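Hi,

Here is the structure I promised to pass on.

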Amino acid sequence: MSAKTTAAPEARPTKGRYAILSLIAMATMINYLDRTLISVAAPLMSTDLMIGPAVMGLVLSAFSWTYALAQIPGGALLDKFGTRVTYTASLVLWSIFTGLQGLAFNIASLFGARLGMGAAEAPCFPANSRILVSWFPQSERARANSVYSVGMYFGIAFLSPLLFWVTNTFGWRHLFMGAGIIGVLFGIVWWFSYREPTESKWANQAELDEIAAGGGIDLVAAAKTPFNWKDIGWLLKQRQVVGASIGQFATNSTLVFFLTWFPTYLVKERGMAFIKVGFFASLPFIAATVGVILGGIISDYLVKRTGSLTIGRKTPVVAGLLLSSLITVAAFVDSNAVVIAVMSIAFFGQGMSNLGWTLISEVAPRRLIGITGGLFNFCTNLAGIITPIVIGLVVATTGSFFGGLAFIGVMALIGALSYIFVLGEVKRVGED
């Protein structure tokens, strides 16, 4: 981490990184809230636009088609232009496409807006990973990851009753347009607020020294890395990258179910009234919020206690995936209360396992942090394409969610096995 030359070192470090953490937590909350709104709107939207289960599965997956395909280009843009420019452009563009979903007049226009939003959101999580390694010492990264990852669940966990009320009272179109306006405004806030550590007025030299001593990387001083397909091939030969990607695919399968089909499952399969779903749907998201915070705390504690990144980063993920596999139990119980309890346990486990971005920030080569994050997110977000389609086809064919829940449970077990046997040692590749 290079020194600031304009100010003398100070004895007491500032805490500017926590202000940065609040920015990415808010951005992540808007990110996931925007992509999840369609799950709230789906029961009413499917009636208005005459969309059947199989086609709705395609619509729900459309976001992930372009989101996955744009990961590698997004990572390359991030390595070339840096976090501030890339994140601002991404925020504003995805918010515009969010608003456009509220103007959809048929399946094609809705599908197109989902495709646009997916492409626009692509650089964000590679950017979050880049922020972790530049702004935080290694000993704080899992907890920092947990804090901003709470945004993935917080919006739905605590805003679900409001979102369902708005949809029920004003219609699903107002939901998308209002969220789009909020996102564009926050994009402006991001542009004026975010800087790299050595360029930020929020961090003094003492804090920069503290970050550097803990393993923070000065990405401003690092040489810009041009895109090269050979780097992709090399990364795909690294077991840490492959193992983490398979595991995160599994983790994402559970997440995608809750972000897309879960409210419809409660309305269609469990027979719950639409307005009541807002409350019941929020409970698993609250559980996941607790899980993601607890996972980060446990991970950093284990790293400190054992001195092993491998133990500290893998243990909460494997435990969480095993809990997620219990989602299949919901198919065998009649009580809605028990179903919500089972779903909450499964989503709590998914929250615990949501340390993939911390882990990938630990293993990514210093010169390829953006492109590694892009490749990782491409592989993991294939789940966003496959899971909604599989569940939609299962429901359309069988009239039941049983097969879809079984699919998610099996994926969770495969993910746990990948973290145990494929990933191997957690260490930065290319630095042996």
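Let's start with F257: beyond its neighbours within four places in sequence, F257 is in contact (heavy atoms within 4.5 Å) with F262, Y265, I327, M343, T387, I391, F401, L405 and I408. F257 is also among the residues with the most contacts inside the largest nonpolar core, alongside W190, F262, Y265 and M343. That core has 110 residues, where a core is a set of buried Ala, Val, Leu, Ile, Met, Phe, Trp, Tyr and Cys residues joined through side-chain atoms within 4.5 Å, and buried means under 20% relative accessible area (1.4 Å probe, protein chains only). Helix α1 (residues 16-48) gives the most to this core, 15 residues; helices here are DSSP runs of H or I, at least four residues, numbered from the N terminus. A second, separate core of 8 residues includes I72, A76, L368 and L375.

Before you dig in: this is a predicted model, so to speak of local features we need pLDDT of at least 70, and side-chain atom pairs count only at pLDDT 80 or more, while totals for chains, interfaces and linings use all residues. Residues are numbered from 1 along each chain as its sequence is written, and side-chain values use heavy atoms, with hydrogens and water left out.

On to helix α3 (residues 71-81), whose buried residues are Q71, I72, G74, G75, A76, L78 and D79. They pack against α2 (53-69), α4 (83-101), α6 (124-135), α10 (229-235) and α17 (369-380). After α3 comes G82, with a positive phi near 90°.

Cheers

Technical notes. Buried means under 20% relative accessible area, exposed over 50%, partly exposed in between (1.4 Å probe, protein chains only). Helices (H or I, at least four residues) and strands (E, at least two) are DSSP runs, numbered from the N terminus.
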